[in-house]
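Hello,

Here is the structure for your files. My notes on it follow below.

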Amino acid sequence: PNLRPVYSQQERVTAILLALLMEGEPRKIHTFTRSLGISETTVGTDLNFCESWLTENGIALIRKPGVGVYVDANEWQRRQALVRLYYDHTGGGRGQKNEICAYSEKLPKLPNVQRLFDPEKAEQIDRMLDEIGALKGLIQNDRSRRALVVHLYMILLRVCQGAGIEEETDRPAQNDPTLKLADALIGGLAKRFSIRIPNGERDYLAMLLSTTKGLGGVSSEEA
């Protein structure tokens with residue numbers, strides 16, 4: 001018999017969150033009932049958990065009858081939430097390839113869900129960091145390195161999904177030393193994966209680099 005897979009609530013909630021955060025268009029409830037093999041009532045319960053998690057991360061979940069479900073968030077908020085999910089479920093670190101693969105294989109096959117968990121690309125970005133001369137001596141510890149890999153991975157993911165930042169509204173000052181570092185990192189990413197990365201991503205990354213909270217220790221003070 002062709003048995004449908006059964007997913008835990010955590011797996012379903014994670015899959016729904018990823019689908020909502022990665023897509024700009026509203027999702028109909030029936031798309032989740034079909035893909036997850038659950039009732040509308042169960043989807044409603046899962047969405048309540050999603051709403052709680054999103055609220056904690058400063059994002060509103062919108063439910064409109066006849067329209068669907070979507071999140072009210074800008075690109076910056078979406079990325080920060082996706083990074084949080086990445087850490088919540090994979091640790092986002094080096095040396096965890098098998099664990100990441102094992103977890104991603106268990107997630108429901110919703111559009112885009114498994115694309116968040118690609119250890120091969122993360123490893124390529126990690127190796128790329130060793131080739132960026134401007135980074136020498138700036139990464140304080142493994143935690144900082146992991147954070148940088150995750151944020152660069154998120155830039156790659158969103159650019160490939162057509163959600164690249166063409167122009168960042170909050171720009172660092174032109175003499176900000178993080179701009180040079182961001183230039184080198186974005187250039188390395190574009191070359192490594194043979195893609196065009198919009199100019200706004202440089203400013204976005206520079207803003208992240210200038211905050212210790214954003215990248216766990218790589219800041220303008222070190223740059």
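Y204 is buried, at a relative accessible area of 1% (buried means under 20% relative accessible area, exposed over 50%, partly exposed in between, with a 1.4 Å probe and protein chains only). This is a predicted model, in which local features need pLDDT of at least 70 and side-chain atom pairs count only at pLDDT 80 or more, while totals for chains, interfaces and linings use all residues. Residues are numbered from 1 along each chain as its sequence is written, and side-chain values use heavy atoms, with hydrogens and water left out.

The structure holds one aromatic pair (rings of Phe, Tyr and Trp, the last by its six-membered ring, with centres within 6.5 Å; planes under 30 degrees apart are stacked, over 60 edge-to-face, the rest tilted). W76 and Y204 have ring centres 5.0 Å apart and planes at 80°, so the pair is edge-to-face. Because W76 is in helix α4 (residues 75-90) and Y204 in helix α9 (residues 200-209), the pair ties together parts 128 residues apart in sequence (helices are DSSP runs of H or I, at least four residues; strands are runs of E, at least two; both are numbered from the N terminus). W76 is partly exposed, at 34% relative accessibility.

The charged end of R79 also sits over the ring of Y204, 4.7 Å from its centre (NZ of Lys or CZ of Arg within 6 Å of the ring centre and within 35 degrees of the ring normal).

The structure holds zero disulfides (a disulfide is a pair of cysteine sulfur atoms within 2.5 Å). C50 is buried at 0% relative accessibility, and C160 is partly exposed at 43%.

Regards
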